[in-house]
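Hello,

Here is the structure for you to look over. My notes follow below it.

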Number of protein chains: 2
Amino acid sequence: MADTHQNLGLLCFYPHRAMEARVLAGLAAAGFDDLTPAQGRIAARVGPDGTRLTDLAAQALVTKQTAGHLVDQLERTGYVRRVPDPTDARARLVRLAERGEAALAVARRVEVAVEAEWTAHLGEEDAARLRAILTRLREVTDPWR
Amino acid sequence: MADTHQNLGLLCFYPHRAMEARVLAGLAAAGFDDLTPAQGRIAARVGPDGTRLTDLAAQALVTKQTAGHLVDQLERTGYVRRVPDPTDARARLVRLAERGEAALAVARRVEVAVEAEWTAHLGEEDAARLRAILTRLREVTDPWR
DNA sequence: CCTTGACGGTCAGACGATCTGACGAGATGG
DNA sequence: CCATCTCGTCAGATCGTCTGACCGTCAAGG
C-alpha cells in the first residue's frame, strides 16, 4: 500500500470516508446519535421541497425497498416526514422535519470546518483546483446529472 | 442537488463509486462473478508477500471479525489462502491464490482503462494535478500513513 | 370511456456485512 | 515464569441490502 501511484478511485475514497466519519461524529456529539451512515446518506439527499422515494433511491444507488426501509427509520426517529405529493396520488414526498433541519445545520457546520482543515493543508489554490477538477470529473462519474 | 458548491467529501464519492462499480463489473465479465464489494475491498489490500488479518482489518476500517469472515469466503472461492506466519505462530498470513492473482490482473487493467477515460475528459495536466493533490490530501485523511 | 402498460410504493423473505463481547493460544518483557 | 499484550476465532445480534411479488395510480390509444 506504499505505492506512490495509487489508483484514482482509491485516492478519492480516503477524503470521502474521512468526511463522512467526521460529519457523523459531529452529529453524534450534538445529540443526533441515532443516525446510521446509511440513514445519513439518504437524509442528505432530501431536497428543500421534498423528494420522492424513488428519486432518493436512484441518487443513493440503492433499491427503492432499501430507501423505503431507511426512510421508515428516519421517520420513526423524527428526522423526516412523508407527505402526499399534490401532483401525483401514487407518490409521497419525503421532507425534512424540524429535527432533520437541525441535524442538517450541524452537518453543514462540520463540513465547512473539515473543508477548512483540508484547505489549510493543501493551500487555497490547490483546494480550489481540487474542487474544480472534481466537479468536472463528476460529469463522467455521476449518472445523476 | 444542483448546487454548484458541493461538499468536497461528496465530490470525492462519485469517482470512487464509479471506479469500484467499473472494476467489479469488469471482474464479473471476466468470470469473477462471485466477488462482493466487501470481499473486493479486503482482497485489494492483500500485499504481494501476504498480509495479516489484523492489518487487513485495520486498513479496510472494519473489525477483525468482519475481515475474518470475508477472508473465509475468499478462501472458499479460491481467491486467497491462509498460510502460517513463519515469524509468529499465532498469526497467519493471507496471500493471493492463483485465482486471486488472475482477478487482480483484470482489476488492474480495468483501473488503467477507467483512468484513461478520466484523463481524456480532464486533460493530462489536470489529471496529474488531481492525483498530486489527492495524494497530499491523503496525508490528513488516511489514518494509515 | 376502458384497456393496457408504465410507474410509485409497500410487503415478505432472505442473505450479506458489520458490530460487541468473550475466549484460547502464542508472544514478550520484566 | 508470570502478567500482559497480541492474533485470531466463536457466538450472537443488528443493520443494510437485495429479489420477487403485489396493489394502487397515472397516462396514452383505441
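In what order do the elements of chain A run from the N terminus on? The order is α-α-β-α-α-β-β-α-α. That comes to 6 helices and 3 strands in chain A. Helices (H or I, at least four residues) and strands (E, at least two) are DSSP runs, numbered from the N terminus. Along the principal axes, the C-alpha atoms of chain A fill a box of roughly 55 × 35 × 30 Å.

Some ground rules. This is a predicted model, where local features need pLDDT of at least 70 and side-chain atom pairs count only at pLDDT 80 or more, while totals for chains, interfaces and linings use all residues. Residues are numbered from 1 along each chain as its sequence is written, chains are lettered from A and ligands numbered from 1 in the order in which they are written, and side-chain values use heavy atoms, with hydrogens and water left out.

**The two chains**

In all, 44 residues of chain B are in contact (heavy atoms within 4.5 Å) with 42 residues of chain A. Together the chains bury about 4,900 Å², 63% of it on carbon and sulfur atoms. Buried area is the accessible area (1.4 Å probe) that two parts lose on being put together, summed over both.

**Salt bridges**

Side chains of opposite charge can pair when their charged atoms come close. A salt bridge here is a side-chain nitrogen of Lys or Arg within 4 Å of a carboxyl oxygen of Asp or Glu. The rule finds 4 across the interface of chain B and chain A. B:Asp142 and A:Arg17 meet in a salt bridge at 3.5 Å, N to O. Over all chains the count is 32. A:Glu117 and A:Arg22 also form a salt bridge, at 2.8 Å, N to O. A:Glu117 lies in helix 5 of chain A and A:Arg22 in helix 1 of chain A, so this pair ties together parts that are 95 residues apart in sequence.

**The largest pocket**

A pocket is an open set of points on a 1 Å grid over the protein atoms alone, where a 1.4 Å probe fits, with protein on both sides within 12 Å along at least five of seven lines; lining residues have an atom within 4 Å of a point. The largest pocket has a volume of about 1,300 Å³. Its lining has 47 residues, and the closest to its centre are A:Gly40, A:Arg41, A:Ala44, A:Arg45 and B:Leu10. Helix 5 of chain A gives the largest share, 9 residues. Volume means the space filled by probe spheres set on the points, which are joined across faces, edges and corners.

**The second largest pocket**

This one holds about 1,000 Å³ of space. Of its 38 lining residues, A:Asn7, B:Ala44, B:Leu104, B:Arg108 and B:Glu111 lie nearest its centre. Helix 5 of chain B gives the most to this lining, with 9 residues.

Best wishes
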